[in-house]
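Subject: Structure handover and findings

Dear colleague,

Please find the structure below, with its sequence.

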Amino acid sequence: LVHEVERWSATDAAIWVRLPVVPVNAATTLKLHWGAGVPSAASGAVFDTASGFSAVFHLGEATGFSTYDATPNRFKGVPVGTATLDSATQDTIRLFPLDVSPAQGALIGNAKDFRGVADNINVGGAYKVHIATGESSQNSMDLVDTTGTATFSAWVKLPAFPSSNANRKAILSKSQQFTGTTATGPNQWSFRALNANQFNFARASGAAPAPVVTRADAVNTWTFVTYTRTAANTHTMRVYNEAGPVTTATQSATNGAHADVDVFIGAFAGADQNGIGFFNGLIDEVRVSTVARTNAWHDLDFATQRPGANAVRLGATEAK
């Protein structure tokens, strides 16, 4: 089977495996072989563009390094912005905008700690996404008309929601910041956290209809946030965590416009293309697809990735 090792150590591992099918309400046996004489793995990508994946960032790289896309598109996120120093521990890890933080409860393998200041949209660190050749991502991940399909998802852990709408924080975006409902620059789409305990996915302009989900229980809890746009011209947000049942919000989709800004993880582009609205908290498993994933797909993602997940169970070791 095609697989990808995200993390490997003497004590644990995080391995993604692509299964041909996962049956409903039935067990699937997956055998892991190791040692001498084990044949090579099947070639190919777990998160393949042929399966609709456009970009997948595990966010598990070492401190301060770029983050890499697991799909054949090979996008690359380059750290931008600055982070405030923690006066108690001013070591080198604090000098980077981002760091791997398993000690803070990373979800799968490692996660990234985005150090945006809660009420200052101009302070923090983020990833500016480039295409594989190192150039701008301005012509990538477009979401312009209402006839195409798309899915976005990410795991987030917020210490708090922004105190005001003016200080909204971007999880993933291809836009510049808004002041109220007025864009300060081009906007195509933005996946973000708002004040009043809200997540939303905005298109085209602040006045366009956008699904909004309110989840006060998302603070200090790993929360799975998804957005899907179907060919039937609807866009839907779903929010999951351990504190409560899934919450869904649906709106009619609106036409967008091409935005001459790069894609950012953990920020909006900002007028200087170096970030604004920096996210404050942990982010893991950022994914973009060109197909509309079903609710069942999102349910399975949550069931197999959530803290304490028991959907995958380890059986007895068999000697060859």
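A residue is called buried when its relative accessible area is under 20%, exposed when it is over 50%, and partly exposed in between, using a 1.4 Å probe and protein chains only. Strands (E, at least two residues) and helices (H or I, at least four) are DSSP runs, numbered from the N terminus. Strand 14 (residues 198-203) has five of its six residues buried, and it is therefore largely enclosed by the rest of the structure.

As to provenance, this is a predicted model, in which local features need pLDDT of at least 70 and side-chain atom pairs count only at pLDDT 80 or more, while totals for chains, interfaces and linings use all residues. Residues are numbered from 1 along each chain as its sequence is written, and side-chain values use heavy atoms, with hydrogens and water left out.

Strand 14 pairs with two strands, where pairing requires at least two DSSP bridges between them. Strand 13 (residues 187-194) runs antiparallel to strand 14 and is joined to it by six bridges; here Leu-194 stands opposite Gln-198. Three residues lie between the strands of this hairpin, and Ala-196 takes a positive phi near 60°. Strand 15 (residues 212-214) is also antiparallel to strand 14, over three bridges, with Val-212 as the bridge partner of Asn-200.

Among contacts (heavy atoms within 4.5 Å) with a separation of 6 or more, 65% are between residues 24 or more positions apart.

His-58 lies in the loop between strand 3 (53-57) and strand 4 (67-68). Its relative accessibility is 7%, so His-58 counts as buried. Beyond its neighbours within four places in sequence, the residues in contact with His-58 include Trp-16, Phe-47, Asn-110 and Asp-284. The side chains of His-58 and Glu-285 are joined by a polar contact of 2.5 Å, a term for a pair of N or O atoms within 3.5 Å; within protein, one must be able to donate a hydrogen and the other to accept it, and residues adjacent in sequence count only if both atoms are side-chain atoms.

By contrast, Trp-8, in strand 1, has 65% relative accessibility and therefore counts as exposed.

Yours sincerely
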